[in-house]
Amino acid sequence: MDIYDTIEISSSQAQKGGPYAYYNKRTDKKLIVKIPENIKNSDKIRLKGAGIENSVTGERGDLFLIVNIKEEKGTILSKIKSFITGAK
């Protein structure tokens with residue numbers, strides 16, 4: 001059975017890529033996921049065989065991680081948005 005989950009990474013990690021520590025609550029496993037360079041918001045990372053085992057066939061499903069890129073405070077874009085909206 002396939003599993004879908006969302007991970008939140010910084011914009012700098014999305015640009016540079018690299019390892020990401022992920023804990024799968026449904027299978028109670030810790031994984032290190034390799035984030036590819038220049039990944040985009042809403043992209044999916046597929047981890048083959050990291051899903052739930054099918055009780056009939058014995059085959060494992062896949063784990064799909066949907067990437068959510070969080071805006072870092074202090075970036076130029078956030079400063080411009082704050083200036084325009086008057087937010088601090």
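**Close-up 1. A search of the whole structure turns up 1 salt bridge.** This is a predicted model, and the salt bridge here brings together the side chains of Arg46 and Asp62, with 2.7 Å from N to O. Arg46 belongs to strand S4 while Asp62 sits in the loop between S4 and S5, so the pair ties together parts that are 16 residues apart in sequence. Are the two partners buried or exposed? Arg46 counts as partly exposed, at 49% relative accessibility. Asp62, on the other hand, is buried, with a relative accessible area of 11%.

**Close-up 2. Tyr4 and Phe64 form a stacked pair of rings.** Searching the whole structure gives 1 aromatic pair. Its ring centres, those of Tyr4 and Phe64, are 4.9 Å apart and the planes meet at 10°, so the pair is stacked; the cut-off for that label is under 30 degrees. In general, two numbers describe such a pair: the distance of the centres and the angle of the planes. This one links distant parts of the chain, with Tyr4 in strand S1 and Phe64 in strand S5, 60 residues apart. Phe64 is buried, and its relative accessible area is 15%.

**Close-up 3. Strand S5 pairs with S1 and also with S4.** Which way do S1 and S5 run relative to each other, parallel or antiparallel? Strand S1 (residues 3–10) and strand S5 (residues 63–70) run parallel, joined by 8 bridges. Asp5 is a handy place to look: its bridge partner in S5 is Leu65. Strand S4 (residues 44–47) runs antiparallel to S5, and 4 bridges join them. Here, Lys44 stands opposite Ile66 of S5. As a rule, side chains in a regular strand alternate between the two faces of the sheet.

**Close-up 4. The largest nonpolar core holds 14 residues.** Which of them touch the most other members? They are Ile7, Ile9, Tyr22, Ile35, Ile39, Ile45 and Leu65. Two or more residues of this core come from each of S1, strand S2 (18–24), strand S3 (29–35) and S5. Zoom in on Ile39 and, leaving out residues up to four places away in sequence, you find it touching Ile9, Ala14, Ile45, Val67 and Ile69.

**Close-up 5. Gln13 is a buried residue in helix H1.** The helix covers residues 11–16. With a relative accessible area of 19%, Gln13 makes the buried class, because the cut-off is under 20%. A polar atom of the Gln13 side chain lies 3.0 Å from the backbone oxygen of Pro19. Setting aside neighbours within four places in sequence, Gln13 is in contact with Gly18, Pro19, Tyr20 and Ile35.

**Close-up 6. Asn24 is tucked into the buried class at 2% relative accessibility.** The residue is part of strand S2. Its side chain makes a polar contact with that of Thr27, at 3.3 Å.

**Close-up 7. Asp28 and Ser42 each have a positive phi without being glycine.** Most residues other than glycine have a negative phi. Asp28 comes in at about 55°, and Ser42 at about 75°. Where are they? Asp28 lies in the loop between S2 and S3, and Ser42 is in the loop between S3 and S4. Asp28 counts as exposed at 56% relative accessibility; Ser42 is exposed as well, at 52%.

**Close-up 8. Helix H2 lies largely in the open.** The helix spans residues 76–85. How many of its 10 residues are buried? The number is 1, so H2 lies largely in the open. One of its residues, Lys79, counts as exposed at 54% relative accessibility. Just after H2 comes Gly86, with a positive phi of about 80°.

Notes
Residues are numbered from 1 along each chain as its sequence is written. This is a predicted model: local features need pLDDT of at least 70, side-chain atom pairs count only at pLDDT 80 or more; totals for chains, interfaces and linings use all residues. Side-chain values use heavy atoms; hydrogens and water are left out. Buried means under 20% relative accessible area, exposed over 50%, partly exposed in between (1.4 Å probe, protein chains only). A polar contact is a pair of N or O atoms within 3.5 Å; within protein, one must be able to donate a hydrogen and the other to accept it, and residues adjacent in sequence count only if both atoms are side-chain atoms. Contact means heavy atoms within 4.5 Å. Two strands pair if DSSP finds at least two bridges between them. A nonpolar core is a set of buried Ala, Val, Leu, Ile, Met, Phe, Trp, Tyr and Cys residues joined through side-chain atoms within 4.5 Å. Rings of Phe, Tyr and Trp (its six-membered ring) pair if their centres lie within 6.5 Å; planes under 30 degrees apart count as stacked, over 60 as edge-to-face and the rest as tilted. A salt bridge is a side-chain nitrogen of Lys or Arg within 4 Å of a carboxyl oxygen of Asp or Glu.
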